[in-house]
Amino acid sequence: MMDPIIRTRGLTKRFGDFTAVDELAIDVAPGTIFAFLGANGSGKSTTIRMLIGLLRPTAGAIEVDGIDVVRQPRRVRDHIGYMGQKVSLYQGLTLRENVEFYAGLYGLAGAELERRWGALRERFALAEAEREKTEELPAAIRQRAGLALSTMHRPRVLFLDEPTAGVDVRSRGVFWELIQDEAEGGSTVFVTTHFMEEADYCDWVCFIHAGRLVADAAPEELRRRYSAGYRIEVALPEGERAAVGAALGREATTTPTGVALVVDTLGPDVLAALDRVVGRHPAARVRIEQPQMTDVFRRVLAAREAAPPAAG
Amino acid sequence: MSRPRFWSNVLAVAYREALVLRHDRAFIGVVVAQPIMMLVLMGMVLSNKPANVPWAVLDRSESPVSRRLVEEIQASGYFRAPRTIHGYEEAREVLRRGQALAVLVVPDEFARRIERGRPRVQLLIDGSDPLSAARIAGYIGQIASAFATRDGPPAVRHAAPRLPGAIDVRQRFWFNPTLSDRKFFLSALAGMLLTNLCLSVTALGLVGEREVGTYEQMLALPTTPLEIVLGKLVPFVGVSYALLLFTTVAAGVIFGLWPQGSWLALLVVTLPFVLASLAIGVFVSAVARTSAQAVFITVFFIMPSFVLSGVLFPYQLMPRGVREIGALFPLRWYQIALRGVIERGAGMVEVLVPVAALAALFAGLLLVIRWRMKPRLG
Amino acid sequence: MSARRLWTLLRREVRATLRDPFTATILVAVPLLALLAFGFVLATDVKHLALGVHDASGTAASRRLVAELAANGTFDPRRFATRAALDRALVSGAISAAIVIPPDFDRALHQGGDPPAVQVIYDGGEAVLAGNAEAFLRSLIAATGAGLTEAGSPRGAGVEVVTRALFNARLDGKPFMVAGTFGFVLSFLTTLITAVSIVNERMTGTFDQLQVTPATSLEIFLAKILPLGAVFAFDVVLMVVVAGLVLGVWPHGSLLFFVVVSSGYVLISLALGLIFSATSATAAEAVQKTVLFSIPLVQMSGFAFAVRNMPTAFRWFAELLPATHYIRVSRAIYLRDAGPLELLPELGVLLLCGVVLIGLALRTLEARA
């Protein structure tokens with residue numbers, strides 16, 4: 001890949017006896033959405049705070065967009081956008097006033113601000129909320145506002161710390177579409193979250209557990225390596241089951257409603273076979289169950305416990 | 001609500017509260033750090049008795065007798081070594097800059113007038129701090145009037161004209177012969193600490209929980225709001241008594257100030273005081289909307305409480321209207337009782353008035369709280 | 001440092017404060033409250049002090065003595081028929097001072113021989129009260145034309161002292177306390193408000209967010225300090241006016257000089273509040289911490305109890321506190337018409353403290369855990 005836009009080596013943070021982050025080494029490719037997944041208390045927020053220069057690491061090196069964050073934390077500020085866990089909107093001010101405030105700090109004002117904010121307002125559906133006091137906004141709107149503010153000055157890298165916590169499922173989906181838009185526009189997005197399922201929105205996934213990196217790959221790859229596989233169910237009237245079962249291969253089993261099959265990946269051959277089945281049996285209903293990321297994660301941990309990694 | 005369940009519920013809440021308090025840093029601060037700090041301050045640091053007083057002498061006479069006068073004043077121990085100055089203008093300057101609090105001006109005919117009878121000196125003082133000024137003038141005056149003018153011929157002394165109507169005033173200071181400020185402060189110390197404790201921690205506790213949401217959770221339990229509130233207050237009553245005992249014993253062991261009167265009276269009068277103070281705390285927490293507000297209101301209630309109640313400054317000397325306002329603070333009555341028992345050896349009889357006043361204040365506060373909290377908890 | 005960024009920060013700060021009615025109230029009401037409370041506190045002139053009287057003589061002369069004592073409203077005599085009743089009243093605290101006139105008062109006064117012995121008893125437990133009352137009782141008795149002799153001292157001899165107070169000739173306690181109250185308010189309230197403000201920001205996350213923007217620590221610091229500084233400067237003027245109109249206390253020295261010095265001191269206190277807030281997790285904790293440290297700091301700064309009177313070690317400590325020097329300056333300006341030249345040493349110390357504390361405050365703003 002191209003030079004990573006975020007890179008850490010041996011990143012460690014200790015609070016007294018407690019090690020929050022342990023020898024973390026990651027590379028983030030530019031223009032990607034990088035998910036940093038882990039349970040609560042696993043070290044996600046500590047890591048992100050170190051990456052943006054808010055927290056000083058105990059050991060290790062951090063490079064963001066070519067800047068040595070450990071030695072020159074203030075220099076990253078112009079290059080990055082940040083949205084914290086508690087969305088940092090000032091109370092007592094309207095959303096518009098918050099926008100003007102943060103924009104002003106980045107030197108964005110006047111016509112240019114209008115242009116930029118106008119576009120964001122449209123895309124993020126914040127027009128109605130603009131004149132409201134921020135403490136009266138519902139959580140979903142606050143999240144969107146937080147994201148809009150963090151990208152207003154067109155930073156190269158966006159750091160989002162648990163941006164969807166406390167937001168309902170549907171709004172989460174909308175939110176991720178907005179994140180993907182940003183990535184398509186060329187920004188790199190580094191996201192931490194404890195919702196494992198959100199990994200599927202991302203290009204690359206890192207699992208972190210007790211401060212250590214336990215997995216580092218694309219979501220598909222993780223599924224391939226660590227899951228029980230995809231479960232395909234084809235609902236069929238009784239008569240057709242045997243035939244379809246034969247067509248799909250030895251591993252197919254019959255169920256009370258039809259035929260079931262478990263595969264490692266949804267490779268082209270499997271998809272082609274399903275296509276043929278559906279073509280020949282119009283009454284067939286295909287349902288594919290994707291392995292849950294939580295399941296994947298559990299298996300990753302189990303594998304790690306069984307065989308601790310060699311040094312390096 | 002049935003009687004037996006009421007009290008068991010209260011105690012259950014109280015027990016839980018006590019466990020939580022053990023880890024509350026703010027609480028530990030109030031209960032441990034502050035008493036120690038105040039003990040040191042009141043017992044060792046703060047004083048109204050002049051010491052290290054800078055002064056100056058403009059001695060125009062420069063005679064042995066004038067020098068002796070200066071030495072005697074110096075020997076009293078209140079003053080630093082005097083600064084010698086040479087002119088009236090210098091005296092003004094030195095006072096204006098605050099380099100001296102008093103300037104003794106000895107006229108050039110001082111030695112001569114000593115022989116003739118009534119010599120006179122002038123004392124210029126900086127009246128900025130009237131308390132110190134009055135005392136220092138008093139001390140110098142005392143020393144001067146006792147100054148033995150030995151230099152004068154014996155005949156003059158015996159035949160000295162007696163001023164008509166001379167009165168021999170004998171002063172006695174009961175209960176505190178050395179007029180030690182320390183006893184004054186320390187005896188009311190328990191009152192200050194308890195006020196701080198009861199007010200700040202209840203206000204914090206109740207409002208803080210409402211913000212965090214556990215308050216609503218508690219309302220969902222099978223306990224009534226009244227039981228919850230009482231349960232929260234019970235640990236503070238216990239801690240208050242512990243603090244009272246600690247302060248009294250510490251003052252006794254470290255500074256030798258043991259209560260001269262009835263310990264029982266001390267314990268009895270503490271109860272209505274603690275209840276009244278806690279009631280104020282509850283009221284503040286009902287009125288404030290955020291915990292920051294609650295703490296602010298509390299702190300700025302404690303300030304006039306300390307000032308007007310008489311713990312640090314004598315309330316008897318305040319103007320009449322102000323004196324009466326001070327009587328609305330529970331701390332006023334409590335410090336009267338405290339000083340009575342600790343310094344004047346008062347017993348149960350003498351604390352009856354403070355107890356009654358405190359009980360009345362408590363009852364009044366309960367009414368106000370009930371009126372205010374009804375719509376909320378109902 | 002960017003002027004535009006600073007302006008952006010300032011604008012937000014002012015907007016937020018103006019829209020918070022509670023803080024605005026606190027910023028105005030508390031200084032006034034403090035002024036009125038403390039202004040009355042240090043009355044050294046005894047007024048309407050209940051004085052127990054047991055007149056065992058009951059003659060015209062003794063009645064005249066009591067009348068003189070009551071004459072200008074200093075004492076309110078309360079008669080007690082028996083000595084026992086008087087003693088009980090002292091023990092219960094109903095009265096704090098008493099005078100006992102012996103049966104032979106009249107005779108001893110007009111005959112030769114020993115002068116009559118009048119007993120004045122004070123409740124020494126009320127040491128402060130007793131200390132004050134004593135001084136004035138002496139002067140009062142002297143003023144009734146009677147001479148005063150200490151038991152056992154050579155009679156008719158001794159040196160007469162003519163006393164004149166050069167500043168505050170009437171020995172009024174109010175100017176002293178008013179000037180000191182500025183010190184109290186500007187130390188305590190400023191530190192408190194700053195600490196709470198910063199901690200609130202840390203809690204809502206806006207503080208972190210600010211750190212990630214291009215705003216520099218100096219800009220953030222100034223944006224916090226300047227609006228609050230302006231408010232407190234306004235407070236100073238307000239307090240001067242209220243003290244003058246309500247308590248009759250006006251500064252003898254230059255008002256402008258006073259406001260300038262006070263504003264400078266405000267900056268110092270604000271920096272201190274910033275430092276306190278850096279170590280607190282919640283607003284309530286910040287307040288507790290501030291209160292815990294500020295109360296003794298104020299007590300030791302000579303506000304109500306002279307630094308001079310403290311034991312040596314504590315005196316040295318008190319001299320390290322900026323509050324001590326500010327209160328000295330404040331009193332010098334109010335009571336003695338002191339100017340910058342006379343106060344150079346104190347101003348120097350304040351400047352030094354300011355530089356150190358502001359430096360520390362900037363450092364805490366930059367600090368990463």
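**Close-up 1. Chain B in outline.** Chain B holds 15 helices and five strands. The model is predicted. Of the 378 residues in chain B, 50% are buried. Take the contacts in chain B between residues at least 6 apart in sequence: 79% of them join residues at least 24 apart.

**Close-up 2. Where chain A meets chain C.** Chain A brings 24 residues to this contact, and chain C brings 20 residues. Two elements of chain A, β6 (80–83) and α2 (95–105), each supply at least two residues of the side that touches chain C. Which element gives the largest share of that side? It is α2(A), with five residues. By class, the side of chain A that touches chain C has 12 nonpolar, seven polar and five charged residues.

**Close-up 3. A:Gly81 and its surroundings.** A:Gly81 sits in strand β6 of chain A. Is A:Gly81 buried or exposed? A residue needs 20 or more C-beta neighbours within 10 Å to be called buried. A:Gly81 has 26 C-beta neighbours inside 10 Å, so A:Gly81 counts as buried. Leaving out residues up to four places away in sequence, A:Gly81 touches A:Ser150, A:Thr151, A:His153, A:Pro155 and A:Leu158. A:Arg154 lies 73 residues from A:Gly81 in sequence. In space, their C-alpha atoms are 8.0 Å apart.

**Close-up 4. The sheet β2-β1-β4-β5 of chain A.** Four strands of chain A make up this open sheet, in the order β2-β1-β4-β5, with antiparallel pairing. The edges belong to β2 (18–28) and β5 (67–68) of chain A. Each has a single partner strand, so one side of each is left without a neighbour in the sheet. Strand β1 (residues 6–15) and strand β4 (residues 59–64) of chain A run antiparallel and are joined by five bridges. Where does A:Thr8 find its bridge partner in β4(A)? The partner is A:Ile62.

**Close-up 5. The sheet β12-β13-β11-β14 of chain A.** This open sheet has four strands of chain A in the order β12-β13-β11-β14, and the pairing is antiparallel. β12 (253–254) and β14 (285–289) of chain A are the edge strands, and each pairs on one side only. How many bridges join β11 to β13 in chain A? There are six, between strand β11 (residues 230–235) and strand β13 (residues 258–263), which run antiparallel. One pair to look for is A:Ala235 with A:Gly258, its bridge partner in β13(A). Helix α7(A) packs on this sheet and touches β11, β12 and β13 of chain A. The direction of α7(A) makes about 15° with that of β13(A).

**Close-up 6. Helices α7 and α8 of chain A.** Two packed helices are described by the angle between their axes and the distance between the axes. Here the helices are α7 (residues 241–248) and α8 (residues 268–280) of chain A. Their axes come within 10 Å and cross at roughly 155°. Angles over 145 degrees count as roughly antiparallel. α7(A) and α8(A) are therefore roughly antiparallel to each other. The crossing of α7(A) and α8(A) is right-handed. From α7(A), the contact takes A:Val244, A:Ala247 and A:Leu248. From α8(A) come A:Ala273, A:Arg276 and A:Val277. The contact of α7(A) with α8(A) has five nonpolar residues, no polar residues and one charged residue.

Conventions: Residues numbered from 1 in each chain as written. Chains lettered and ligands numbered in written order. Predicted model: local features only at pLDDT ≥ 70, side-chain atom pairs only at ≥ 80, totals over all residues. Contact = placed C-beta atoms within 7 Å. Nonpolar A, V, L, I, M, F, W, Y, C, P; charged D, E, K, R; others polar. Axes fitted to C-alpha atoms, helices over the stretch in contact; angles between N-to-C directions. Parallel < 35°, antiparallel > 145°, perpendicular 65-115°, else oblique. Left-handed = near helix turned anticlockwise from the far one by under 90°. Pairing = 2+ DSSP bridges. Buried ≥ 20, exposed ≤ 12 C-beta atoms within 10 Å, placed from the backbone.
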